[in-house]
Amino acid sequence: MSISLTTSVPLEIRQTPHKGRGVFSKSSILSRTLIEISPILLFSHSEYEEHGKHTILKQYTYRWKDGYALAIGLGSLFNHSRNNNVGYVKDFEANVIRYYTLCDIESGKELCINYGLKKKERSQDEVEEINKWFLEGFQLVEEEGFWSEKPASIDGMLGGFGSISNLDIKTSELFLSEFTRGKRGTRNVLTVPPRITTKYACDCGAGIGRLTKNLLTKVFDRVDLVEQTPKFIQHAQNEYLRQEIGTGKVGEFYCVGLQEFSPDPGKYDLIWCQWVLEHLTDDDLVTFFVRAKKGLRPNSGIIGVKENVNMIGYRFDEEVYSVTRSDQIFKDIFSKAGLKLLKESTQHGFPKGLFSVKIYALEPEAY
Ligand SMILES: C[S@@+](CC[C@H](N)C(=O)[O-])C[C@H]1O[C@@H](n2cnc3c(N)ncnc32)[C@H](O)[C@@H]1O
């Protein structure tokens, strides 16, 4: 097997004020760029337990399939950050670690990975850290009114990327169509009947109702909205959804955070959550899903989730107090909430530099 170790990304090692040496970008780098491939030196478990872990190697080694690995090259020089801008993938076959940028990076920035914690401690400690950080952050965002300051418009809902709205909606409509209209084979014969009825949907974290207007009311007879920012609800009621309200397509407006929302039992064919779950802690997300399950029409209703996903682990945004989770973290949360994955898909066609976006359809494990 031959392994190429070259990447075309100019990086340099610099002395940092507090953390010794670190790795820095020498030019701007796009998100998801492969920036380093480090071959590893493998220590067996016994060699590591008896010798390695009593030396400086302890601070540099990665857990490996059959022991511990020292990354040769820049891999050992990346410093740690909870807001890491670089992630890595261990290749056990080739015995290398590949490092990728997780966001667009300007020239001269330090490149950091997240060392994580010891495997056993990891999830509990990380969850506690997230919860603490969120609780502080929630208050701050509320005090500073982060969302209330955003314009009540499509652009405001999408962080300035209003232009992606049509493609986003088309993709979601297609994703949902097998549940709402069933599947058709040759000569348009229905091979799988529709999974859900299209009577009632709920738009969670609805904002001004972009999805209610352009996706959900096009498919469902009636749609409720859950949104915690009063300004957006007022805009939806007075302007954006005036027509849909007039024709009876819009039901209730719940001005409440999802962490407190409890749907009426058995009410909805679809509970749709898009670009909002990043504002909930893991714990709140699990309990929200548990309550949401009860709000589904018995034996048929589904939950739809469409969210940004991080390549690996958590990524915190300290301006908005939001957290982008990896696909695996979402799946762990679904399973903790007793939800089964029915279908998953990836959004294509969004501009480069944005997070990757995944769509999931879920049903209660015990239907
Ligand atoms: C990025 S916008 C997305 C709006 C809409 N889902 C869309 O795709 O157009 C996020 C929305 O979630 C709302 N939000 C933030 N935290 C929330 C929470 N904990 N519960 C309910 N809504 C929340 C914000 O006020 C904002 O309207």
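Analyst: The protein chain has nine helices and 20 strands, where helices (H or I, at least four residues) and strands (E, at least two) are DSSP runs numbered from the N terminus. This is a predicted model, in which local features need pLDDT of at least 70, side-chain atom pairs count only at pLDDT 80 or more, and totals for chains, interfaces and linings use all residues. Residues are numbered from 1 along each chain as its sequence is written.

User: What is the strand order in the open sheet of five strands?

Analyst: The order is β4-β5-β3-β8-β7, with antiparallel pairing, and two strands count as paired if DSSP finds at least two bridges between them. The edge strands, β4 (61-64) and β7 (86-91), each pair on one side only.

User: And how do β4 and β5 pair?

Analyst: Strand β5 (residues 67-71) pairs with β4 in the antiparallel sense over four bridges, and the two form a hairpin with two residues between them. Threonine 61 has leucine 70 in β5 as its bridge partner.

User: Which residues have the most contacts inside the largest nonpolar core?

Analyst: They are Ala201, Cys204, Ile271 and Trp272, in a core of 52 residues, a nonpolar core being a set of buried Ala, Val, Leu, Ile, Met, Phe, Trp, Tyr and Cys residues joined through C-beta atoms within 7 Å. Apart from that core lies another, of 22 residues, with Phe43, Tyr48, Tyr99 and Leu102 among them.

User: OK, and what surrounds the ligand?

Analyst: The ligand is surrounded by 19 residues, of which the closest are Gly205, Gly207, Arg210, Gly257 and His279, where near means that the C-beta atom, placed from the backbone, lies within 6 Å. This shell divides into nine nonpolar, eight polar and two charged residues; Ala, Val, Leu, Ile, Met, Phe, Trp, Tyr, Cys and Pro count as nonpolar, Asp, Glu, Lys and Arg as charged, and the others, Gly among them, as polar.

Technical notes: A residue is buried if 20 or more other C-beta atoms lie within 10 Å of its own, exposed if 12 or fewer, and partly exposed in between; C-beta atoms are placed from the backbone.
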